[in-house]
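Subject: Structure handover

Hello,

Here is the structure we talked about. Please open it first, then read the notes below it.

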Amino acid sequence: MSVITAEGLTRRFGELTAVDNLTFEVPRGGVVGFVGPNGSGKSTTIRVLLGLIEASDGLGTVLGEPITHPERFAHRVGALIEGPTFIGSLTAWDNLRSMAALRGISERRIHEVLDIVGLTGREQDKASTFSLGMKQRLGIAAALLPDPELLVLDEPTNGLDPAGIVEIRTLLKSLADGRRTVVVSSHLMSEIQAMADDLVVIRFGKLLYSGSLAGLMEDAVQQVIAAPEFGVDLPQLIGAIEGRGWSYTSYGDTLHVELAAANSADVGRAANEAGVTLRQLTPRQDNLEDIFLRLTGGTDAELAASRGEQRTSGGAS
Amino acid sequence: MTTISATTAAPSHAVASSPGLVKTIRSEWIRVWRPSFRYGGFGILALFSILISYFIYSSLADPSAATGPPGPAGAATTAADLEQAGGMIYPLGTISTLAGIVVLSLWAIAAASDYDTGLIRVLVQAQPSRLRLLGGKIIALSLFTVLLSAVTVLVTSAVARPLARAYEIDTEPWKTDAAAEMASGFFNFLVPVLVWGLIGLMIAVLTRSSGTAIGVGIGWLLVVEGLIGIWAPDITHLLPGGTLSALAAGGTSDLSWASALGLTLLYGAITTSVSLFVFRNRDIVS
């Protein structure tokens with residue numbers, strides 16, 4: 001059973017379509033990455049799904065209940081939307097107590113969630129004295145109060161240092177058990193690749209991919225990067241590679257040969273037979289970011305420019 | 001690096017069975033009872049009570065000269081005004097306008113800071129019934145305002161006797177129907193102040209900014225109503241500031257107590273309805 005379904009979900013703000021006919025499903029259990037660059041519509045989609053803003057069109061369900069009735073699933077969902085939000089002059093305990101009171105949850109649970117996020121002992125400190133990482137953890141603690149089946153975290157690693165990112169990643173992976181699904185939105189592809197089991201990828205509000213991370217990574221291109229020690233040897237190296245029928249892309253004096261990592265030795269051997277000494281021989285596999293760029297066909301700036309050109313030509317015709 | 005761990009045990013927390021509105025009131029009360037509200041609200045109103053009382057007693061007008069500090073009804077205060085039943089809390093009428101500004105600001109901050117901080121997103125996700133959410137806030141802020149008003153009345157009463165001794169005011173009439181006078185004084189102080197709070201809440205819900213809400217509220221009271229008074233003096237007493245002041249003063253020559261109360265309740269109903277309607281129907285995009 002899916003914990004989230006969206007069918008033609010659309011949200012328009014005037015002439016801007018922030019969420020554009022999204023159709024996807026989020027399976028139960030595990031970490032689901034909700035990926036897209038800044039401004040791609042991730043937060044708007046989350047707000048629509050959680051009932052903070054209304055959809056202009058389309059249908060959606062959360063935990064089997066329609067998103068038009070968030071009161072039916074709110075008690076089973078915890079969320080951290082666009083960063084942690086607290087009253088700085090209140091202690092961590094009072095901030096959580098306020099959220100627990102709103103949900104009708106006993107104070108005993110506050111101890112449990114503080115323990116889960118590693119803030120036991122800091123509960124009497126004012127939230128304003130917390131570092132960003134601690135605030136993120138406090139925000140996750142608040143989202144965990146109802147012991148939710150679905151935990152939705154919008155950019156939970158934003159602004160964190162590398163150690164903080166690892167902490168949050170470890171925590172989120174441990175929270176996603178068979179009963180609980182953790183949906184993490186992020187524009188950091190490497191972060192999502194490191195923790196997600198499934199992905200929903202969007203850009204400019206449109207769906208690019210929905211499915212398992214492993215399924216998407218099957219399309220990852222494997223390459224061997226080779227560069228001659230001296231630039232003058234490049235033609236011999238190209239000749240040796242072309243002679244073996246291997247595809248390649250040239251970047252200056254560096255060649256990206258489309259071969260599996262296991263074939264690195266073959267490239268080295270071919271260069272040697274052509275009398276070329278290599279200064280670089282590196283196996284490389286596409287990461288999520290590469291695949292994402294391949295899916296979209298360019299960077300944000302390129303796509304934004306092309307969209308602008310389309311609008312201009314559309315207006316002129 | 002801090003060690004963090006997750007438990008995967010079944011839910012162990014007990015979910016209380018309180019009605020939704022009670023939960024929102026409890027939740028809101030914890031936030032309202034924060035140090036800045038407690039110390040700021042009670043401290044400022046206590047200070048105003050003392051300073052305004054002192055100002056009124058120390059500047060009493062000579063009845064024949066008709067000069068001196070304006071009383072609640074706008075006329076100069078005389079010793080005769082104080083030497084009557086209820087004279088002990090006579091300054092409340094003047095304190096009411098300043099208390100109204102303080103309460104308007106507190107209510108506006110309480111409502112708008114949810115937008116400023118983004119807390120509104122978490123609150124609405126946890127409690128999707130927005131009417132219940134805002135209703136809980138209004139009730140919690142009302143309870144806080146009742147306490148503020150009670151402290152203001154108590155401080156005003158407490159400083160009245162020493163000031164009366166110092167300025168030779170006869171306090172014998174204060175013993176007449178003292179409890180009833182205190183109760184009516186408290187009521188006439190509380191109701192306008194509550195409506196000031198509702199006005200602050202409405203502007204905050206509309207503008208989603210505490211600074212703007214406070215600016216608009218105070219600007220209306222101090223500037224706009226004054227300008228309207230120049231152009232159309234006949235209707236000044238019917239505007240919110242004039243009406244609430246009239247009720248706080250126990251009625252004026254322009255507006256009787258009953259009319260002031262009716263109009264005040266009407267303003268309260270309008271501002272509450274606008275706040276609830278807007279809050280319920282507007283997207284949470286902050």
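**Chain A overall**

Chain A has 317 residues, and 52% of them count as buried. Please keep in mind that this is a predicted model. The secondary structure of chain A comes to eleven helices and 14 strands. Along the principal axes, the C-alpha atoms of chain A fill a box of roughly 75 × 55 × 35 Å. Take the contacts in chain A with a separation of 6 or more: 69% of them are between residues 24 or more positions apart.

Chain A is divided into two parts, domain 1 (4–217) and domain 2 (222–285). How far apart are the centres of domain 1 and domain 2 of chain A? Taken over C-alpha atoms, the separation is 45 Å.

**Salt bridges**

Over all chains, the count comes to 24 salt bridges.

A:Asp125 and A:Arg122 meet through their side chains in a salt bridge, at 2.4 Å from N to O. Both ends are partly exposed: A:Asp125 has 24% relative accessibility, and A:Arg122 has 33%.

A:Arg284 and A:Asp286 form another salt bridge between side chains, at 3.4 Å from N to O. Are these ends buried or partly exposed? A:Arg284 is partly exposed, with a relative accessible area of 29%. A:Asp286 is buried, with a relative accessible area of 8%. The cut-off for buried is under 20%.

In chain B, the side chains of B:Lys137 and B:Glu28 meet in a salt bridge, 3.0 Å from N to O. This pair links distant parts of the chain. B:Lys137 sits in helix α6 (residues 130–166) of chain B, B:Glu28 sits in helix α1 (residues 20–32) of chain B, and the two are 109 residues apart. Both B:Lys137 and B:Glu28 are buried.

Back in chain A, salt bridges that share partners join five residues into one network: A:Arg109, A:Glu112, A:Asp147, A:Arg179 and A:Arg180.

**Two crossing helices in chain B**

Look at helix α8 (residues 210–231) and helix α9 (residues 240–248) of chain B. Their axes come within 9 Å and cross at roughly 110°. Angles of 65 to 115 degrees count as roughly perpendicular. α8(B) and α9(B) are therefore roughly perpendicular to each other.

Which residues meet there? From α8(B) come B:Trp220, B:Leu221 and B:Glu225. From α9(B) come B:Pro240, B:Gly241 and B:Gly242. By type, the residues of this contact divide into three nonpolar, two polar and one charged.

**Buried positions in chain B**

Start with helix α5 (residues 119–126) of chain B. Eight of its eight residues are buried, so the helix is largely enclosed by the rest of the structure. The buried residues of α5(B) are B:Leu119, B:Ile120, B:Arg121, B:Val122, B:Leu123, B:Val124, B:Gln125 and B:Ala126.

- B:Phe42 lies in helix α2 of chain B. At 17% relative accessibility, B:Phe42 counts as buried. Leaving aside neighbours within four places in sequence, B:Phe42 is in contact with B:Trp33, B:Phe37, B:Phe144, B:Leu147, B:Leu148 and B:Val151. B:Thr117 is 75 residues from B:Phe42 along the chain, and their C-alpha atoms are separated by 24 Å.
- B:Tyr57 also lies in helix α2 of chain B. B:Tyr57 is buried, with a relative accessible area of 1%. Leaving aside neighbours within four places in sequence, its contacts include B:Leu82, B:Pro91, B:Leu163, B:Tyr167 and B:Trp174. B:Thr78 is 21 residues from B:Tyr57 in sequence and 8.9 Å away in space, C-alpha to C-alpha.

Finally, B:Ala204 lies in helix α7 (residues 178–207) of chain B. At 0% relative accessibility, B:Ala204 counts as buried. Which residues does B:Ala204 contact, leaving aside neighbours within four places in sequence? They are B:Ala108, B:Ala111, B:Ala112, B:Ser209 and B:Ala213.

Best wishes

Technical notes. Residues numbered from 1 in each chain as written. Chains lettered and ligands numbered in written order. Predicted model: local features only at pLDDT ≥ 70, side-chain atom pairs only at ≥ 80, totals over all residues. Heavy atoms only, no water. Axes fitted to C-alpha atoms, helices over the stretch in contact; angles between N-to-C directions. Helix = DSSP H or I, 4+ residues; strand = E, 2+ residues; numbered from the N terminus. Parallel < 35°, antiparallel > 145°, perpendicular 65-115°, else oblique. Contact = heavy atoms within 4.5 Å. Nonpolar A, V, L, I, M, F, W, Y, C, P; charged D, E, K, R; others polar. Salt bridge = Lys/Arg side-chain N within 4 Å of Asp/Glu carboxyl O. Buried < 20%, exposed > 50% of the residue type's maximum accessible area, 1.4 Å probe, protein only. Domains from an automatic or database assignment.
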